Amino acid sequence: MEEANVAPVLASVRNEWHWVRPAIEELLNDNPDVDAIPEDVYAACKAGVAQLWLIPNGMIVTRFEYGDFNGEKTLDIWFAWTREKGGGLAEGVHKFLEPYAKAHGCEAIEFGTRYQPLIDYLCDGLGYRVSTQILRKDLE
């Protein structure tokens, strides 16, 4: 079921924290290499460094990032969560985020995940490409 006209709505992290925090905890549990804690997300949204967007049955947290050497501005999809996986929201969300990113002077949108079905969907259906894969070996 594809929803092509999903327009995320900017929201107050304070008002939505009761359910956003558990969603972020779920994402962090699934992605142990992310070094943020839920309170980092809260603080970034409160400070205006990140934006909380509501979507049907979920949320997205974005932030702007800048290249260390070239200054390139990108829209980073820092966190994205929905109650149901594979609900068909990605295309509609990106139809909103692409003009939003362009309007804010971004050269690209970036999204990190280790969830292979999402990687396949974003690359095959929405024009993303794998830029870098990070391999990690923890040392004892």
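## Side-chain contacts in a predicted model

Lysine 95 and glutamate 91 are four residues apart in helix H3 (residues 90–103), and are therefore separated by about one helical turn. Helices (H or I, at least four residues) and strands (E, at least two) are DSSP runs, numbered from the N terminus. This is a predicted model, in which local features need pLDDT of at least 70 and side-chain atom pairs count only at pLDDT 80 or more, while totals for chains, interfaces and linings use all residues. Residues are numbered from 1 along each chain as its sequence is written, and side-chain values use heavy atoms, with hydrogens and water left out.

**Salt bridges**

The structure holds five salt bridges, a salt bridge being a side-chain nitrogen of Lys or Arg within 4 Å of a carboxyl oxygen of Asp or Glu. Three of them are listed here.

| Pair | N to O distance |
|---|---|
| Arginine 21 and glutamate 25 | 2.0 Å |
| Arginine 63 and aspartate 76 | 2.8 Å |
| Lysine 95 and glutamate 91 | 3.4 Å |

Salt bridges with shared partners join Arg21, Glu25 and Glu39 into one network. Arginine 21 is partly exposed at 24% relative accessibility, as is glutamate 25 at 31%. The side chains of arginine 63 and aspartate 76 also meet in a salt bridge. This pair links distant parts of the chain, with arginine 63 in strand S3 and aspartate 76 in strand S4, 13 residues apart. Arginine 63 is partly exposed at 22% relative accessibility, whereas aspartate 76 is buried at 9%.

**Aromatic rings**

There are seven aromatic pairs in the structure. Rings of Phe, Tyr and Trp (its six-membered ring) pair if their centres lie within 6.5 Å; planes under 30 degrees apart count as stacked, over 60 as edge-to-face and the rest as tilted. The pair of tryptophan 19 and tryptophan 81 is tilted, because the ring centres are 6.1 Å apart and the planes stand at 45°. Tryptophan 19 in helix H1 and tryptophan 81 in strand S4 are 62 residues apart, so that the pair links distant parts of the chain. Tryptophan 19 is buried at 18% relative accessible area, and tryptophan 81 is buried at 11%. Phenylalanine 96 and tyrosine 100 form a stacked pair, 6.1 Å centre to centre with 15° between the planes. Both residues lie in helix H3, four residues apart. Ring pairs link Trp53, Phe64, Phe96 and Tyr100 into a cluster.

Charged groups also sit over rings, which requires NZ of Lys or CZ of Arg within 6 Å of the ring centre and within 35 degrees of the ring normal. Lysine 73 lies over the face of phenylalanine 64, at 4.4 Å from the ring centre. Arginine 83 lies over the face of tryptophan 19, at 5.5 Å from the ring centre.

**Helix H2**

Pro38, Val41, Ala44 and Cys45 are the buried residues of helix H2 (residues 38–46). Seen down the helix axis, they fall within an arc of 125° and so line one face of H2; the arc is that of the directions from the helix axis to the C-beta atoms. Glycine 48, whose phi is positive, near 80°, follows H2.

Conventions:
Buried < 20%, exposed > 50% of the residue type's maximum accessible area, 1.4 Å probe, protein only.
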